[in-house]
Amino acid sequence: MAECHPVGFQWVMEAKNRGAKIIHVDPRFTRTSALADSHVALRAGSDIAFLGGLVNHVLQNGLDFREYVVAYTNAGAILREDFADTEDLDGLFSGYDSEGRQYDVASWSYEGAEVAPAAGKREHWIPAEEEMARDNEQQGGGEQHEETAHGDSYGSGGASVGAKPRIDPTLEHPRCVYQVLKRHFARYTPELVADVCGVPVEQFLEVAEAVTANSGRERTTAWVYSVGWTQHTVGVQYIRTASILQTLLGNIGRPGGGILALRGHASIQGSTDIPTLFNILPGYIPMPHAKENLDLDTFVGADAGKTGFWGNMRSYVVSLLKAYWGEHATADNDFRFDHLPRLTGDHGTYQTVYNQLKGECRGYFLVGENPAVGSANGKLQRLGMANLDWLVVRDLQLIESATFWKDGPEIETGELRTEEIGTEVFFLPAASHTEKDGTFTNTQRLLQWHHKAVEPSGDARSELWFYYHLGRIIREKLRTSTDPRDLPVQELTWSYPTEGEIAEPSAESVLAEINGSGPDGPLSGYPQLKDDGSTSCGCWIYCGVYADGHNHAANRQPGSEQSWVAPGWAWAWPDNRRILYNRASADPDGNPWSERKRYVWWDAEQGKWTGEDVADFEPTKPPDYEPPEDAKAQHALAGTEPFIMQTDGRAWLFAPAGLADGPLPTHYEPFESPFDNPLYSQQENPTRLVYGGQHNRYHPAGSDVYPYVFTTYRLTEHHTAGAMSRSLPYLSELQPEFFCEISPELAAERGLEHLGWATIVSARAAIEARVMVTERMKPLRVRGRVVHQVGLPYHWGQNGLSTGDSANDLLSVVLDPNVHIQEAKAATCDIRPGRRPRGPALPELVDEYQRRAGIEGSDS
């Protein structure tokens, strides 16, 4: 956090100055480690074992916050008799289809409760044909992955459950979640943590004691993770394990608790709220899947829970459709629901690359992305772009993805020839954030307005300008079309005020549209949204940011003039509340768990919830409220059910639906690992998404040809793929060359010299880096032997003032099945002294390693 998020880390230091204990868990000793009270070095890719050990420590020693757990979680929920755990099935859960490599999740349900299928997906999954698989191997194409358990098909509340569970408040029923959880994690002992993670037992127990001693009625512990936690084949389950731990300890919905995700860019949170993702709509509404005659009610009925605020999904969707198509969206035409695109499978970034290789994707937009450097398997990205008809690159300058056709690594090796690449590249300079108005939505869901400081120079334009005018021109070209497929574009609401010589659209008018409006003007919160077409709203969770016609994202009330929660600084979704699920900060009777941690509580005299923050609960619903049997949506939640987006109103220690790879986190080895899985014969995540192809070879598990673990990371001085930093002389001076971090022991083992050169090799690429020999990379004892790890910052490429090979070229494309994120933080490699070969000798070296490793399909 100190390295990658130094502005936010100042508050960690402020907490430390006030007595907080800071523990840093990371494969590398970093700037954060230097400022923490202790550093815990662990093997990259082993975090579930570490976190699972903490969960087991809590459960075996009765250290959970029992009143919180019984009242607010599904710990007492009774599961079906046919549910089988990984402990029963040697690493698999019940319902696994080995042929299709996916789960039927029915047996994971609560007893007597059915799980709703994802929106628009009534049919059972049909596995890909063997012919397609053969085609993938021959042409380098990826399998079209589609799973019934796909988490992103459900919205942020998870899959709906047909009924509230039967609860055992004693937590003693053998099939209740608490007992299942206890059995599941029983083998995650301190000794297993040491064996898998390389963390000594004594150090692990110190962490366990610190976390549990600082949690409960009087105290809370916060977990902060970086983007790297998501970049694993079990990335979603990493966060799930932390959620289980925090929920058991009563650290969710309370001040000083929670799980803070450190985003990799200023508005990554915003780009998932107002999504740049293929599978969700604004506000985490799932995209409908292709199905004949699918209508709005079928779509909403399949996904929206009967209880909880997702029970209002129809209001959110109708209001969004009204924002899109305005007066053209009416009840008579299903509010133009048929205008929405439909998903036909995996349309993620990596599947798109395979589609490029197969000639199925002919054009590509890159907007603030540099996949030639920033994505896994850079060679695959460059080969895909070389097979396009056209490529549009919008960036601050010419990035590697814009110039790959003339100076990419494959030009040097002869694998690509400039004169044979037919891709027409259009470079359109982009405006920087100082040259445009708009909002950033940061990691704590805070919308902060930034004002334009200067006009963009030359031909540089903002994204808002580009997309508005592109849309305007397309609509003009289609104005007289009678083709029915053009109607959704023709009917779009696409009129925004513009200003200045370049006709820049008003960003504030877009924010107002996102906020939404009704018959009386701007809306003040999402409870006002209706399903009858009387309201419009571009993103239901942002409703209220423009209440009363005021831009609340631009609020800048000084801290000295407001409370410590600072509600007058910017605006947090939803409803400007700063902690989600904060009803859980009070006990079931509505009283604070402790005066020290008082945050939101029930005021009986006023008949409403009050406190430091906006209550994440219906403001006048009393703690003793019991819903009638026919109640729907939020009205079906009791006054003691604070997790208002869940259909049962409880935090899920066990996920009965919504995940592709299991209802409980399970330690699987990274897809490329030097070790076997000591827990099960199931080595890797059984539902991981694999793609293969001749340019995406995988390492065999335990290969002595690739014996070392490597992990990628960021540096303070450079930014992501480097386009914004490697062209700046000051930053390039501070970090002038691509380097690798290795331990003195590994240097001695492989004959590497400090400040000399090393070649790092995988089955995808071989790259060179300057050697930094440092004790920050600590050898670890894992599974009875020493493992060495190699650290690689991933910012470098061929362009700019500071140039170097790209670390991500080493990576394969293998993904988490829930969110399609690549495994970038744990893979294997070899490292050898000297610079890499040049020209055709480079792919020959990679091929030689493949042959030695016995990798199927390697060139002979």
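The dialogue below takes the features of this predicted model in turn.

Q: How do the strands of a sheet pair in general?
A: Strands in a sheet are paired by hydrogen bonds of the backbone, in either a parallel or an antiparallel manner. In this model, the open sheet with the order β9-β10-β11 has three strands and parallel pairing.

Q: Why is one side of β9 and one side of β11 left without a neighbour in that sheet?
A: Both β9 (363–367) and β11 (424–429) are edge strands with a single partner strand each, so one side of each lacks a neighbour in the sheet. From one strand to the next, the twist averages 10 degrees.

Q: How many bridges join β9 to β10, and which residue in β10 is the bridge partner of F365?
A: β9 and β10 (residues 390–395) run parallel and are joined by five bridges. F365 has V392 of β10 as its bridge partner.

Q: Which helix packs on this sheet?
A: Helix α18 (residues 463–477) does so, and it touches β9, β10 and β11. The direction of α18 makes about 150 degrees with that of β9.

Q: What is the pairing in the sheet with the order β12-β13-β18?
A: That open sheet of three strands has antiparallel pairing. Its edges are β12 (438–441) and β18 (571–572); each has a single partner strand, so one side of each has no neighbour in the sheet.

Q: How many bridges pair β13 with β18?
A: β13 (residues 446–450) pairs with β18 over two bridges, in the antiparallel sense. Helix α20 (residues 507–515) lies across β12 and β13, and runs at about 160 degrees to β13.

Q: In which sense, parallel or antiparallel, does β25 pair with β23, and in which with β24?
A: β23 (residues 739–742) pairs with β25 (residues 766–773) in the parallel sense over four bridges. There, C740 stands opposite V771 of β25. By contrast, β24 (residues 757–761) pairs with β25 in the antiparallel sense, over five bridges. V761 has A766 in β25 as its bridge partner.

Q: How many residues does the hairpin between β24 and β25 pass through?
A: The hairpin joins β24 to β25 through four residues. β19 and β20 also form a hairpin, with four residues between them. In the turn of this β19–β20 hairpin, G607 has a positive phi of about 70 degrees. β19 (residues 600–603) and β20 (residues 608–611) pair in the antiparallel sense over four bridges, and V600 stands opposite G611 in β20.

Q: Which domains does the domain assignment give, and what separates the centres of domain 1 and domain 2?
A: The assignment gives domain 1 (1–41), domain 2 (349–436 + 458–491) and domain 3 (689–853). Taken over C-alpha atoms, the centres of domain 1 and domain 2 are separated by 39 Å.

Q: How many cavities of 30 Å³ or more does a search of the whole structure find?
A: The search finds four. The second largest cavity holds about 50 Å³ of space.

Q: Which residues line the second largest cavity, and how do they divide by class?
A: The lining consists of F671, E672, S812, V814, E823, A826 and A827. By class, four of the lining residues are nonpolar, one is polar and two are charged.

Note on methods: Residues numbered from 1 in each chain as written. Predicted model: local features only at pLDDT ≥ 70, side-chain atom pairs only at ≥ 80, totals over all residues. Heavy atoms only, no water. Pairing = 2+ DSSP bridges. Axes fitted to C-alpha atoms, helices over the stretch in contact; angles between N-to-C directions. Contact = heavy atoms within 4.5 Å. Domains from an automatic or database assignment. 1 Å grid on protein atoms, 1.4 Å probe; cavity = no way out; pocket = protein on both sides within 12 Å on 5 of 7 lines; lining within 4 Å. Points joined across faces, edges and corners; volume = space filled by probe spheres on them. Nonpolar A, V, L, I, M, F, W, Y, C, P; charged D, E, K, R; others polar.
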